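Please open the structure in a viewer and keep the sequence at hand.

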Amino acid sequence: LKFDNNDNFNMPNLNLEKFNIQNLDIQYQINEQLESHTKKFMENNEYEDIEEIEIPMIFHVVYNNGDNYQYEDYSFKLNQQLIQTYVVDQLNEDYNLENEDRFETPEVWQDLMADFKIKFVINKVIYINSHLELDGDDDSKLDTVKFDKNGGSDVINPELNLNVWIVNILPMSTGNYLMGYAYYASYFKQQPELDGYVLNLYALLLSMSGYGDRTSTHEIGHWMNLRHIWGDGGCDVDDGIVDTPNSDTSHIECGSENCTYPETSSCGSADMFMNFMSYGNEQYMFTKGQMLRARAVFAEGGPRHSMVTRKKSTDDDDNHNHNVIIWCGLVAAFICLILMIYFIFRSVYRCILKYRL
Ligand SMILES: [Zn+2]
């Protein structure tokens, strides 16, 4: 398979065109608020102190044969086990410092590699039998997949779940694919119906063919408010993270050219082209700075805090249930004891009566 790893980082901005000016102003304020919340969180928290969280995922599989996939030479059923193996397991490795290829990272940066302490679990997989295909060149129609009325599938409780749409996105040109796209956490408030990320079926096929595609890892990074490693601009534009070196290039060329450390460089320093938030074709790692920035969205006051509180309240419910079971057991044991004592005394009393008689 020939491929070109290319996602569309402009997508959230392009989508803003449908907002009126007032909404743009509101969005600007929300962005500013989230940036200041994130800055405070990064100042007041240590990487080591962050606790593990769990993110439930809902997959909307939109394809014209239901779950029977026919794609060029491939024919298979995209069942939950495949999604678990090629999407969720890979995410859990990448976000918990368990991906074996992380040691391909240059030694000088290996101490920066981060465990995000995020566990991803499948909540639900929905199959939509639909003829909908997306055109990678037509940004204005990409989000049609997120609505029932268009032959797609409506978002489900985005305040509690990470929604993913798996759909066929047609190549933009030969070998040039839009692999996926996501919305930043700051857009959740104004457009919850679009929240989550879209994954090109092609990206999944790459993973299944042994190419170890990391589109989901990258897009979820955006969904958690991470920017591209080069900040989507020149040397004066930053990604908001201290421990990623400044860069002015996406490194999409790493697919056809050989990118090496420290030769591949820009802005006066070696480039971290192997970071999951670059466009390099081989990505292995996030940094601790990226971890803190991402985890800010789940902290109190962050746009995705409800996902963490959901987990807590479920845990509380579990504890409550355990307590009820223990108390019921104790009461039952106590009643048994009273009955036993009663019957023993009654039989003894009868014996005594009998003896007297
Ligand atoms: Zn991106």
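Select Cys254 and Cys259: these two residues form a disulfide, with their sulfur atoms 2.0 Å apart. A disulfide here is a pair of cysteine sulfur atoms within 2.5 Å. The model is a predicted one, in which local features need pLDDT of at least 70 and side-chain atom pairs count only at pLDDT 80 or more, while totals for chains, interfaces and linings use all residues. Residues are numbered from 1 along each chain as its sequence is written, and side-chain values use heavy atoms, leaving out hydrogens and water.

Remain at this bond and view it along the S-S axis. The torsion about the S-S bond of Cys254 and Cys259 is about -95°, so this disulfide is left-handed. Cys254 is buried, at a relative accessible area of 6%, and Cys259 also counts as buried, at 15% relative accessibility. Buried means under 20% relative accessible area, exposed means over 50%, and partly exposed lies in between (1.4 Å probe, protein chains only).

Next, select Cys235 and Cys267. Their sulfur atoms are 2.0 Å apart and form a disulfide, one of the 2 that the structure holds. Cys235 lies in the loop between H5 and strand E12 (265-266), and Cys267 in the loop between E12 and strand E13 (269-270), so the pair ties together parts that are 32 residues apart in sequence. Helices (H or I, at least four residues) and strands (E, at least two) are DSSP runs, numbered from the N terminus. With a torsion of about -90° about the S-S bond, the disulfide of Cys235 and Cys267 is left-handed. Cys235 is partly exposed at 34% relative accessibility, and Cys267 is partly exposed at 28%. When the bonded cysteines of the chain are numbered in sequence order, how are they paired? The pairing is 1-4, 2-3.

The tour now turns to charged side chains. How many salt bridges does a search of the whole structure find? The search finds 8, a salt bridge being a side-chain nitrogen of Lys or Arg within 4 Å of a carboxyl oxygen of Asp or Glu.

Select Glu35 and Arg293, whose side chains meet in a salt bridge (2.8 Å, N to O). This pair links distant parts of the chain: Glu35 belongs to helix H2 and Arg293 to helix H6 (residues 288-295), 258 residues apart. Glu35 is partly exposed, with a relative accessible area of 27%, whereas Arg293 is buried at 1%.

Move on to Asp94 and Arg214, where the side chains form a salt bridge of 2.8 Å, N to O. Asp94 is in helix H3 (residues 80-94) and Arg214 in the loop between helix H4 (201-208) and helix H5 (215-223), 120 residues apart.

Asp195 lies in the loop between strand E10 (180-182) and strand E11 (197-200), and Arg304 in the loop between H6 and helix H7 (305-356), 109 residues apart. Asp195 and Arg304 are both buried.

For the last stop, select Glu46, which lies in the loop between helix H2 (21-44) and strand E2 (53-63). Glu46 is partly exposed, with a relative accessible area of 48%.
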